[in-house]
Amino acid sequence: MHQPPTPTGRPVEVTRTTRRRVVVTGLGAITPLGVGVPALWQGLLEGRSGVRLLEGEEFLGQPVRIAGTVPADPGELLPKAQARRMNRAAQFAVIAAREAWRDAGLDASGTVGSGIDPSRAGVCVGTIIGGAPVLVDGDRRLRDKGPRGVSPLTAPMTVPSQASAQISIDLHITGEARTVVSACASGTEAIGQAIDRIRLGHVDIVLAGGTEAAITPSVMAAFSAMRALSTRNDEPERASRPFAKDRDGFVHGEGAGMLVLEAEEHAVARGARIYGEAAGWGLSADAHHIVAPDPSGDGIVLALRRALADAGSVPADVVHVNAHATATVEGDLAEATALRRLLDERGAGAPGVPVTAVKGNLGHLQGATGAVEALVAVLTLHHGLVPPTIGCDDLDDACELDVVTHVPRPLPAGGDVVLSNSFGFGGHNAVLALRRNRTDRTEEGRAA
């Protein structure tokens, strides 16, 4: 197989029977809790919510008028000429990618200024709707003003792949620019695909994650018609209630999360700070229903087991789970059922595994949700602290999980794997297995 170069110029032997270890070296986010990873992490630790009442006139009369909206105009955070050529989801993605790139110790100018071979770098972004709101606006302009009213930017701003393309242009990444669309598992699957591309030697470094910006009247009305959304318009900040007995649906949200993934030897050669290992991932399909999850949890268990097997781990290694937990009645119960089945394999004497769900803080970020939650899982490993789940004041007895609530909890010692779950309409299941980096594990062993 091809032998990819490292920053030192020496080739790395990659065969079909050996895989390169993949590590996380950079994080970037823009979410309902603010712009940047510090705003996200601090908001989670403080138990704050970014869910707000939708004030726009176009939402008047809607049965649901709350959503997790980003409290900043992304177009104002980018050069004006660049921003006007992007849809909102792409703007989010570029902003998060720039932060992750800088956080990884790389030059803001992109690959060349960072000493990275552009052909050995990649992008992989998950999204669901992408630029569809631009298409809806174009249709409205066509009806109101005729063909001359439709912008020539409408077509390129509509395609879901615009986010990955804009990141590759912005940072001059020429190795590959990939897009994943698999419902609410999109961001997680994008990270998983990036792991494999690095492992197998196709590229050395990838910006991977997810983005979404689809808080529009038609999308809100569609989810409302499905009776999938929480109707707590009078208390937005407490509307999303993962695993709670009184949960009544998810809260729509927007934002982006991006991670810099690298082959370990590539990161070490350039002296990068390592947050942890992207150790494995697993996929499955429920093959059950276009919207509802399989209540048995069989598909979820399969994805969980595949992620652990891919990481070379077993259930006893799991120290924490960042749950998908949308706050829908059926979805939370199916996930809880699956997690209990997996974690029960640890044995009766094994310590409990703390579970958290951040959709109480952010709402459901759709194609971005898995990426942002994976980012939070990485920070949980890095800081040794589990953020609390807000909105879960009264845990559903049927869930039977150790859900962290009210205040952060120290990450238990002993195990070294965190699971980050994402499940989407149509039965798309994706799970990431993240592991403490070797230095952290060595220091933990010395302390013991």
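Here are a few notes on the cysteines and salt bridges in this predicted model.

1. Cys 392 is in no disulfide either, and the nearest cysteine sulfur, in Cys 399, is 7.6 Å away. A disulfide needs the two sulfurs within 2.5 Å. Cys 392 is buried too, with a relative accessible area of 3%.

2. Now for charged pairs. The whole structure has 34 salt bridges. One of them joins Glu 264 and Arg 21, with N and O 2.6 Å apart. This pair ties together distant parts of the chain, 243 residues apart: Glu 264 belongs to helix H10, while Arg 21 lies in the segment before strand E1. Both Glu 264 and Arg 21 are buried.

3. Compare that with Arg 141 and Asp 137, whose closest N and O atoms are 2.8 Å apart in a salt bridge. These two are 4 residues apart in helix H5, so about one helical turn separates them. Arg 141 is partly exposed at 31%, and Asp 137 is partly exposed at 27%.

4. Glu 400 and Arg 340 form another salt bridge, at 3.6 Å from N to O. Glu 400 is exposed, at 55%.

5. Finally, have a look at the salt-bridge network that links Arg 232, Glu 235, Arg 238, Arg 241, Asp 246, Asp 248 and Asp 393.

Technical notes: Residues numbered from 1 in each chain as written. Predicted model: local features only at pLDDT ≥ 70, side-chain atom pairs only at ≥ 80, totals over all residues. Heavy atoms only, no water. Buried < 20%, exposed > 50% of the residue type's maximum accessible area, 1.4 Å probe, protein only. Salt bridge = Lys/Arg side-chain N within 4 Å of Asp/Glu carboxyl O.
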